[in-house]
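Student: I have a model to go through and would like to work on it by question and answer. Can we start once it is on screen?

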Protein chains: 2
Amino acid sequence: MRASYPDDARLAVEAALSESFLPCESRYAGVVCEAMRYSLLSGGKRFRPVLVLLGAELVGLDWDQVLPTACAIEYIHTYSLIHDDLPAIDNDDMRRAKPSCHIAFGEDVAILAGDALFAEAFRLIGAEQSPDRPDLAVRVVREIAEASGLGGMVGGQVVDVLSAKTQVDAAKLDFIHRHKTGKLITASVKAGAILGDGSEELLAVLERYGDRLGLAFQITDDILDLTGDEAVLGKPVGSDEERFKATFPGVYGLEEAAKIARAAADEAKRSLNGLPGDTGRLRDMADFVCERKR
Amino acid sequence: MRASYPDDARLAVEAALSESFLPCESRYAGVVCEAMRYSLLSGGKRFRPVLVLLGAELVGLDWDQVLPTACAIEYIHTYSLIHDDLPAIDNDDMRRAKPSCHIAFGEDVAILAGDALFAEAFRLIGAEQSPDRPDLAVRVVREIAEASGLGGMVGGQVVDVLSAKTQVDAAKLDFIHRHKTGKLITASVKAGAILGDGSEELLAVLERYGDRLGLAFQITDDILDLTGDEAVLGKPVGSDEERFKATFPGVYGLEEAAKIARAAADEAKRSLNGLPGDTGRLRDMADFVCERKR
């Protein structure tokens with residue numbers, strides 16, 4: 001049986017993302033605003049912001065209270081995709097079945113659209129979303145900044161880029177995935193719980209959950225890159241292999257990689273054992289991550 | 001008589017910047033960390049972080065309380081220079097008398113070093129620098145994010161890039177400079193005062209001061225690009241003209257541009273009239289900005 005994706009949360013995120021932009025027409029800088037919208041509003045699972053909502057749910061906080069932060073994390077994810085696709089980095093012409101941002105708008109605009117998305121993300125987090133508990137907002141700023149920077153997403157991406165066309169051992173592969181993908185996924189589920197004043201014990205559990213979920217997510221990504229349906233994926237199959245990127249199937253083989261992903265998802269679920277509250281939707285996410293086709 | 005630059009503040013910033021980095025050796029991602037240090041620790045006036053300290057001084061707050069935020073703003077300024085110098089944007093090979101970041105480290109590392117500096121900036125601001133007043137830290141996050149994004153630095157840079165090789169009228173030139181340079185300068189002096197719980201009246205004055213100071217700063221930059229001493233500037237003279245960039249001397253002529261800069265600096269000083277506290281160092285900054293040779 002396929003695990004169900006929390007589409008109610010996805011739709012709430014989608015609506016909030018659309019509303020988070022002022023109309024672009026009124027600015028001199030309209031073209032970069034269009035480029036930001038183009039990349040941001042191109043569908044997708046909205047995996048990270050959905051996790052923010054599920055983290056909030058777990059501590060009984062309304063989605064409304066965390067939607068700005070959820071949007072902010074999707075802004076950051078989108079900026080990272082725009083920059084990753086650039087000719088100097090992964091040189092990908094297609095993303096989500098459309099021309100990449102730099103193909104559609106030019107490389108200069110794409111670089112700056114990414115930069116602007118990153119800035120706007122912190123503007124959203126810094127908006128007065130929880131005026132009575134600014135300490136929680138500051139903590140979220142710190143979590144997300146750490147997850148995005150040298151000790152997180154960018155750090156992992158650098159090692160990935162510099163390791164292309166070299167042999168990567170299991171330890172380095174683990175470092176890349178844990179940083180490039182895992183840290184922001186972990187920060188997402190934690191951010192929702194932090195804004196709801198979740199306990200340190202709960203946050204430690206979610207740290208473990210996010211780390212394992214992120215690993216399962218990334219391995220499945222690598223597997224789909226080799227075996228997926230191009231029409232469903234929206235990008236060419238085999239592009240990682242072509243670029244000799246460090247992947248789990250490359251290091252362990254397809255079958256073993258799938259087993260590692262399943263084991264990581266199971267660990268993610270197990271980490272939730274004993275938590276108060278309804279953890280059913282977070283468990284479903286772990287199953288979904290392994291079973292997804294795109 | 002030359003206005004004196006607040007070198008005590010500059011040295012405090014320089015020391016804090018050096019200490020703000022963990023050793024790079026211990027990471028897989030060492031090379032991007034080296035690239036960040038290379039661009040960040042290459043001297044300069046430290047104009048923006050010095051303004052943070054002067055803003056704090058004005059409301060009686062110790063420098064120690066604002067140094068993380070001061071460093072953060074210099075991180076953001078540095079990231080913007082790294083990205084501006086990229087081949088797809090200004091294509092500048094030299095910066096501060098050294099090869100630009102992408103020349104020294106490659107374009108991929110330079111893009112990611114800029115991204116990481118931006119993230120680390122918000123990590124610094126989100127550090128527990130004022131645990132008793134997190135509301136002020138959140139406000140600073142918002143100010144700096146707005147000043148860096150679509151409605152600030154990146155917005156101005158986009159219009160500048162897209163206007164290259166076209167005729168730019170006075171209104172568009174004003175938009176470019178006010179956003180690309182003015183907003184972050186304004187956010188700097190305000191950030192210091194915000195962290196010291198400065199009144200809304202004071203912040204409104206500093207907004208005006210920063211806007212005028214930023215204009216004078218940018219016009220002088222444009223003038224130095226045409227008339228300065230390459231050895232002192234650390235970059236080739238005439239590079240704006242060669243790229244047909246929108247500049248005040250280009251639109252108004254050199255002499256008139258210098259007059260506009262002087263008038264803006266005088267307005268900056270006048271805006272401080274009637275403020276309590278010692279505004280002498282902020283007034284000196286306005287004079288310095290017009291008289292500087294680099």
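Student: What span should helix α6 of chain A have at 1.5 Å a residue, and how far apart are its end C-alpha atoms?

Tutor: This is a predicted model, and the check uses its coordinates. Helix α6 of chain A covers residues 107-126, which is 20 residues, and at 1.5 Å a residue these should span 28 Å. The expected span agrees with the distance between the end C-alpha atoms, which is 29 Å.

Student: How many residues of α6(A) are buried?

Tutor: A residue counts as buried if 20 or more other C-beta atoms lie within 10 Å of its own. The helix is largely enclosed by the rest of the structure, because the buried residues of α6(A) number 19 of the 20.

Student: Which kind of axis relates chain B to chain A?

Tutor: Chain B is superposed on chain A by a rotation of 180°, with a shift along the axis of 0.0 Å and an RMSD of 0.0 Å. That relation is the one given by a two-fold axis.

Student: Which residue of chain B comes closest to the rotation axis?

Tutor: The distance is taken at the C-alpha atom, and its value is 2.7 Å. The residue of chain B that comes closest is B:P134.

Student: Which element gives the largest share of the side of chain B that touches chain A?

Tutor: The contact involves 45 residues of chain B and 45 residues of chain A. On the chain B side, two or more residues come from each of α2, α6 (107-126), α7 (134-148), α8 (153-163) and α9 (170-195). The largest share is 14 residues, and it comes from α6(B).

Student: Why can one say that the copies meet through the same surface?

Tutor: The test is whether interface residues of chain B are also interface residues in chain A. The copies meet through the same surface because the share that passes is 100%.

Student: Is B:R46 buried or exposed?

Tutor: B:R46 lies in the loop between α2 (30-40) and α3 (47-58) of chain B. Its phi is near 55°, a positive value in a residue other than glycine. With 26 C-beta neighbours inside 10 Å, B:R46 is buried.

Student: Where is B:A97, whose phi is also positive?

Tutor: Phi of B:A97 is near 65°. B:A97 is partly exposed, because 13 other C-beta atoms lie within 10 Å. Its place is the loop between β1 (94-95) and β2 (98-99) of chain B.

Terms used: Residues are numbered from 1 along each chain as its sequence is written. Chains are lettered from A and ligands numbered from 1 in the order in which they are written. This is a predicted model: local features need pLDDT of at least 70, side-chain atom pairs count only at pLDDT 80 or more; totals for chains, interfaces and linings use all residues. Helices (H or I, at least four residues) and strands (E, at least two) are DSSP runs, numbered from the N terminus. The expected span of a helix is 1.5 Å times one less than its number of residues. A residue is buried if 20 or more other C-beta atoms lie within 10 Å of its own, exposed if 12 or fewer, and partly exposed in between; C-beta atoms are placed from the backbone. Copies are superposed by least squares on the C-alpha atoms of residues with pLDDT of at least 70 in both. Two residues are in contact if their C-beta atoms, placed from the backbone, lie within 7 Å.
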